[in-house]
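Here is a short report for a reader new to this structure. Have a look at the model, then read on.

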Amino acid sequence: MSKKVKFGIIGFGNIGTRYKKRIDENPSAELVAIAEIKRKKLESIKNKSIKKYKNYKKLIQNPDVDVVIVAVPNYLHKQLSIEALDASKHVVCEKPMAIKTLDANQMILASQKTNKKLFVVKQNRFNPPVKKVKELIENNKLGKIGLVVVNCYWNRNNEYYKKSDWRGRKKEDGGTIFTQFSHFVDIVYFLMGDFINVSAEGFNFNHKKLIEFEDTGVVRFKMANGALGSLNYTTCSYAQNMEGSITLFGEKGTVKIGGQYLNTLDYYKIEKVRKINLEKGNTANDYGSYKGSMSNHGKIIKNVIGTLQGNGFVATSAFEGMKIVQVIEAMYESMKSNGKTIKIH
């Protein structure tokens with residue numbers, strides 16, 4: 001039997017606590033350390049076998065830690081990931097990998113230099129409808145795809161931003177696409193391949209005194225395979241999340257992944273495909289005043305362990321994580337230039 005993979009978590013907020021639960025559930029994993037700057041959150045950890053640190057650098061230097069999970073605000077992902085890699089730790093970095101392509105590239109270089117794995121979290125790839133549509137595309141069941149329509153209609157209320165000391169701030173957060181909807185950009189990339197250009201416009205519709213960037217936008221894009229696409233998004237859906245969907249129109253079929261979190265197969269009409277059966281999926285992450293993406297962090301932990309024990313490979317590579325940062329950065333570059341088309345190299 002392989003020895004347990006030992007984890008340390010930096011950041012014990014909503015995501016960090018999710019990771020603790022998933023690690024505790026996995027018999028091949030052990031949580032040995034948590035770093036968190038807020039004292040009350042550290043004091044909430046009752047397990048005496050877990051080392052608790054206010055200074056994350058002490059966690060990184062802990063010789064018992066095999067894998068460091070970076071679950072901190074977006075702008076800190078690069079710095080903490082590189083420090084952990086340089087300390088010969090494998091790293092699991094929450095989305096977005098970074099908020100600048102240059103930063104993501106530096107993280108990849110650190111991983112290569114230290115020969116340590118850098119896992120980028122894209123948990124919606126594990127959603128049953130997403131996996132099924134990926135399979136349909138790989139088996140050419142939809143034929144050539146001509147149009148992709150992504151609709152993201154979520155609610156992020158005042159409390160969501162007021163309770164945070166970093167959300168809504170341009171330098172720390174990056175923008176609505178980075179924090180709320182990067183998973184949707186990733187799923188388009190996962191299903192369809194490379195983006196070759198984007199054009200985007202956005203504005204702050206209903207959060208003017210709360211955030212420093214747009215809460216609503218429309219993006220037009222073109223894929224390397226010739227398909228056209230659009231991303232329509234907002235965090236102003238009244239009172240609650242309404243929809244998160246991706247619809248593909250192909251020569252031989254149309255399919256819509258929907259629900260609020262890409263968790264249902266809302267529509268399909270495909271040549272020679274009569275019935276699609278899906279495996280059971282997980283529920284969404286519930287944070288009280290709002291809900292996030294699908295709760296697949298247990299599958300991420302399983303993937304990390306399998307990869308490190310030689311029984312699998314990285315589900316989302318650092319290169320793929322960098323590609324998503326590059327695409328979103330191009331979207332924001334287009335917004336700054338009033339919708340100018342930006343090529344993605």
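K272 sits in the loop between β13 (264-270) and β14 (284-286). Helices (H or I, at least four residues) and strands (E, at least two) are DSSP runs, numbered from the N terminus. This is a predicted model: local features need pLDDT of at least 70, side-chain atom pairs count only at pLDDT 80 or more, and totals for chains, interfaces and linings use all residues. Residues are numbered from 1 along each chain as its sequence is written, and side-chain values use heavy atoms, leaving out hydrogens and water.

**Loops**

Phi of K272 is positive, near 65 degrees, in a residue other than glycine. A239 also has a positive phi, near 70 degrees. Buried means under 20% relative accessible area, exposed over 50%, and partly exposed in between (1.4 Å probe, protein chains only).

| Residue | Relative accessibility | Class |
|---|---|---|
| K272 | 78% | exposed |
| A239 | 59% | exposed |
| Y19 | 0% | buried |
| C93 | 0% | buried |
| C152 | 0% | buried |

A239 belongs to the loop between β10 (228-234) and β11 (243-250). Another loop, between β5 (90-93) and α5 (101-114), holds P96. A cis peptide bond joins K95 to P96, with omega about -15 degrees.

**Cores**

A nonpolar core is a set of buried Ala, Val, Leu, Ile, Met, Phe, Trp, Tyr and Cys residues joined through side-chain atoms within 4.5 Å. The largest one has 78 residues. M97, F195, V198, F221 and L248 have the most contacts inside it. Helix α12 (residues 318-336) gives the most to this core: 10 residues. Apart from it lies another core, of 24 residues, including V67, I69, I300 and I301.

What does M97 contact, leaving aside neighbours within four places in sequence? Contact means heavy atoms within 4.5 Å. Its partners include H77, M107, L118, A318, M322 and V325.

Helix α12 has 19 residues and reaches 27 Å from its first C-alpha to its last, close to the 27 Å expected at 1.5 Å a residue. The expected span is 1.5 Å times one less than the number of residues. 15 of the 19 residues of α12 are buried, so the helix is largely enclosed by the rest of the structure. N338 follows α12 and has a positive phi, near 60 degrees.

Helix α1 (residues 14-25) has 12 residues and should span 16 Å. Its end C-alpha atoms are 17 Å apart, which agrees. Buried in α1 are G16, R18, Y19, R22 and I23. Seen down the axis, the buried residues of α1 fall within an arc of 155 degrees, so they line one face of the helix. The arc is that of the directions from the helix axis to the C-beta atoms.

Y19 touches residues including I9, V92, E94 and H297, not counting those up to four places away in sequence.

**Aromatic pairs and cysteines**

The structure holds nine aromatic pairs. Rings of Phe, Tyr and Trp (its six-membered ring) pair if their centres lie within 6.5 Å; planes under 30 degrees apart count as stacked, over 60 as edge-to-face and the rest as tilted. F178 and Y332 are stacked, at 5.9 Å centre to centre and 25 degrees between the planes. F178 lies in helix α9 (residues 176-179) and Y332 in α12, so the pair ties together parts that are 154 residues apart in sequence. Both F178 and Y332 are buried.

The whole structure has zero disulfides (pairs of cysteine sulfur atoms within 2.5 Å). For C152, the nearest cysteine sulfur is that of C236, 13 Å away.
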